[in-house]
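Let's walk through this model one piece at a time. Have the sequence and the coordinates open side by side as you read.

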Amino acid sequence: MKIFSRWLLAGLCGVALPVWASGEETYKAVCAACHAQAVPKSPQVGNKKQWAPLIREGQVTLTAHAYVGVRGMPARGGQPDLSIEAFAEALNHMVNQSGGNWKTPDAKTLQAIQAEVVRRQKSKASKPGG
Ligand code: HEC
């Protein structure tokens with residue numbers, strides 16, 4: 001019975017856990033090339049001073065704006081097939097290494113992020129270079 005319930009628990013967790021890579025994995029594969037190697041102007045992971053004002057923008061705004069791309073920051077970290085969930089996880093990892101304490105966005109937060117992505121894309125389209 002004990003073995004069975006453990007198996008059952010593992011099965012349930014398997015369903016509950018997201019199938020995408022962990023934030024740390026995505027960060028290492030996609031973001032670290034710039035954010036851990038002092039690419040000019042990119043906020044460096046672990047630098048609390050650089051990250052404090054970004055963290056203050058809040059999870060919805062910062063995740064959405066970075067996903068769309070900001071100046072030298074390529075959209076989706078330069079990976080066109082990177083999902084918003086995977087991006088948010090990678091950003092959480094970066095934030096949490098840099099003085100913040102963000103969590104995986106829940107469904108409501110994710111919705112707000114997606115809405116902000118759409119808004120941001122529209123305003124970028126009408127203001128090239130912004
Ligand atoms: C090709 C280099 C490059 C890669 C790859 C990259 N970034 Fe960036 N990122 C930058 C640069 C440069 C900036 C600074 C942009 C500026 O302010 O001019 C930046 C800025 C940011 C910011 C701050 C945006 C703001 O509103 O000021 C966030 C958040 C961010 N990146 C997250 C990520 C995440 C998450 C990934 C991986 C999924 C990633 N970046 C991958 C270069 C990169």
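Arg71 sits out in the open: its relative accessibility is 77%, so it counts as exposed. (The cut-offs: buried is under 20% relative accessible area, exposed is over 50%, and partly exposed is in between, with a 1.4 Å probe and protein chains only.) You'll find Arg71 in the loop between α4 and α5, and its phi is near 45 degrees, a positive value in a residue other than glycine. Arg76 belongs to the loop between α4 and α5 as well. Its phi is near 55 degrees, again positive in a residue other than glycine, while its relative accessible area of 28% makes Arg76 partly exposed.

A word on what you're looking at. This is a predicted model, where local features need pLDDT of at least 70 and side-chain atom pairs count only at pLDDT 80 or more, while totals for chains, interfaces and linings use all residues. Residues are numbered from 1 along each chain as its sequence is written, and side-chain values use heavy atoms, with hydrogens and water left out.

Now zoom out. Helices here are DSSP runs of H or I with at least four residues, strands are runs of E with at least two, and numbering starts at the N terminus. Of the protein's 130 residues, 32% count as buried.

Next, the metal. Which protein atoms are donors to the iron atom of the ligand? They are NE2 of His35 and SD of Met73, lying 1.9 to 2.0 Å from the iron. Donors are N, O and S atoms within 2.8 Å of the metal (3.2 Å for Na, K and Ca), and water is not among the atoms, so sites may look incomplete. The iron has six donor atoms, the angles among them run from 87 to 179 degrees, and the site is octahedral. For six donors, that label requires opposite donors over 155 degrees apart and all others between 65 and 115. His35 lies in helix α2 (residues 23-35) and Met73 in the loop between α4 (59-68) and α5 (84-96), so the pair ties together parts that are 38 residues apart in sequence. His35 itself counts as buried, at 8% relative accessibility. Its C-alpha is 9.6 Å from that of Gly46, which is 11 residues away along the chain.

Two or more lining residues come from each of α2, α3 (48-56), α4 and α5, with α2 giving the most, at five. By class, the lining has 18 nonpolar, six polar and four charged residues. Here Ala, Val, Leu, Ile, Met, Phe, Trp, Tyr, Cys and Pro count as nonpolar, Asp, Glu, Lys and Arg as charged, and the others, Gly among them, as polar.

Last stop: α5. It has 13 residues and reaches 18 Å from its first C-alpha to its last, close to the 18 Å expected at 1.5 Å a residue (the expected span is 1.5 Å times one less than the number of residues). Since 11 of those 13 residues are buried, α5 is largely enclosed by the rest of the structure. Among the buried ones are Phe87, Glu89 and Leu91.

Two contacts across the sequence involve this stretch. Tyr27, in helix α2, is buried at 8% relative accessible area, and its C-alpha lies 8.3 Å from that of Glu89, 62 residues apart along the chain. Thr63, in helix α4, is buried at 0% relative accessibility; its C-alpha and that of Glu85, 22 residues apart along the chain, are separated by 9.8 Å.

Key
Four donors count as tetrahedral if all angles lie between 85 and 135 degrees; four count as square planar and six as octahedral if opposite donors are over 155 degrees apart and all others between 65 and 115; anything else is irregular.
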